[in-house]
Amino acid sequence: MDLITGVFKPTGGQVAYEGKDITGMKPHEVAALGIGRTFQLNPLFADFTVLENVSASFHLRPKSSLLDIYFNTPTYRKNEAYIRDASFEILKVVGLERVKDELARNLPHGYQKMLGVARALATRPKLLLLDEPLGGMNPSEIDFTLKSIRKTRAQGATFLIVEHNMQSSTSATASSSSASARRSARARRKKSGKTNRSSGPTSVANMLLEMKNITVHYGKSLAIEDVSLSVPEGSVVSVIGANGSGKSTVLKALVGLVPLSSARYSSRRRR
Ligand SMILES: Nc1ncnc2c1ncn2[C@@H]1O[C@H](COP(=O)(O)OP(=O)(O)OP(=O)(O)O)[C@@H](O)[C@H]1O
Ligand SMILES: [Mg+2]
């Protein structure tokens, strides 16, 4: 709890978003900048339809007042029509338009995950973080999800994905990086000393996100050390690593859920 509530000051490593230093920002401040994520979304509304699930995310930022809703005013009706249309457009982007009237609980696993992405898109993020979006999927669900991610990216979304399924992640990333060069990033773990490669395009004018030399401890134990990665606007960047190698921690560090350790702090703790 000390870590999450920011008792340790973030003094090591740096996170820049749209060229602005966001190191040490609180999770809600990071979310307000337009960084969406699926790993912390509320569970799907199982008894809502697919379309209703996406509409519900729009309602997180209501435009109608309670009085508008109560009296069913023209403002309310106009907003509702807008939300329905916009939700349907998002379903088309992720490839779920044909199941818009299905109950969420009846969807296959892969479709449910993409519905999570659709709900995140409804909050209009510039950057979407996906924590193991392919976890527990069968090959045809993986295929559907990768196609959806590529399609969504083609509409202008930027993705940072952490995965341990290297083959599929590479496939999602490979199709996205035609415009630019690639670069690697690493995530190391103290005990195993393993290096996890992440790949993605770089040296592009519009660098949406840059993480430099990030180190995170949970109490005394080192979770990630000296991780650097860059996410150009409009790309899909995958960070690939084995279980427990620190993938989720990279995303948590990015959105301010765990503080970064100073170099001094980490060397003292590692003795
Ligand atoms: N809240 C926590 N407190 C203490 N240690 C933690 C905590 N969360 C994660 N860790 C440890 O930090 C390391 C990195 O964990 P992390 O969850 O980032 O890995 P991961 O790559 O996402 O793993 P997985 O593939 O299982 O999702 C692991 O050794 C894990 O045990
Ligand atoms: Mg994880």
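Let me begin with a definition: a polar contact is a pair of N or O atoms within 3.5 Å; within protein, one must be able to donate a hydrogen and the other to accept it, and residues adjacent in sequence count only if both atoms are side-chain atoms. This is a predicted model, in which local features need pLDDT of at least 70 and side-chain atom pairs count only at pLDDT 80 or more, while totals for chains, interfaces and linings use all residues. Residues are numbered from 1 along each chain as its sequence is written, chains are lettered from A and ligands numbered from 1 in the order in which they are written, and side-chain values use heavy atoms, with hydrogens and water left out.

Which backbone contacts does ligand 1 have? A backbone N or O atom of serine 245 lies 3.2 Å from an oxygen atom of ligand 1. For glycine 246, a polar backbone atom is 2.9 Å from a ligand oxygen, and for serine 248 the corresponding distance from a backbone N or O atom is 2.8 Å. On its own, ligand 1 has 640 Å² of accessible area, of which the protein covers 60% (Shrake-Rupley method, 1.4 Å probe).

Twelve residues surround ligand 1, each having a heavy atom within 4 Å of it. The closest are Gly244, Gly246, Lys247, Ser248 and Thr249. By class, the shell comprises three nonpolar, six polar and three charged residues; Asp, Glu, Lys and Arg count as charged, Ala, Val, Leu, Ile, Met, Phe, Trp, Tyr, Cys and Pro as nonpolar, and the others, Gly among them, as polar. Helix H8, residues 247-255, gives the most to this shell, with three residues (helices are DSSP runs of H or I, at least four residues, numbered from the N terminus).

I turn now to the aromatic rings. The structure holds three aromatic pairs (ring centres within 6.5 Å; planes under 30 degrees apart are stacked, over 60 edge-to-face, the rest tilted). Phenylalanine 58 and tyrosine 82 form an edge-to-face pair, 6.4 Å centre to centre with 80° between the planes. This pair links helix H2 (residues 50-58) to helix H4 (residues 74-94), its members being 24 residues apart. Phenylalanine 58 is buried because its relative accessible area is 10%, whereas tyrosine 82, at 43%, is partly exposed (buried means under 20%, exposed over 50%, partly exposed in between).

Tyrosine 111 and phenylalanine 144 are stacked, at 4.3 Å and 20°.

Note on methods:
Helix = DSSP H or I, 4+ residues; strand = E, 2+ residues; numbered from the N terminus. Phe/Tyr/Trp six-rings, centres within 6.5 Å; stacked < 30°, edge-to-face > 60°. Buried < 20%, exposed > 50% of the residue type's maximum accessible area, 1.4 Å probe, protein only.
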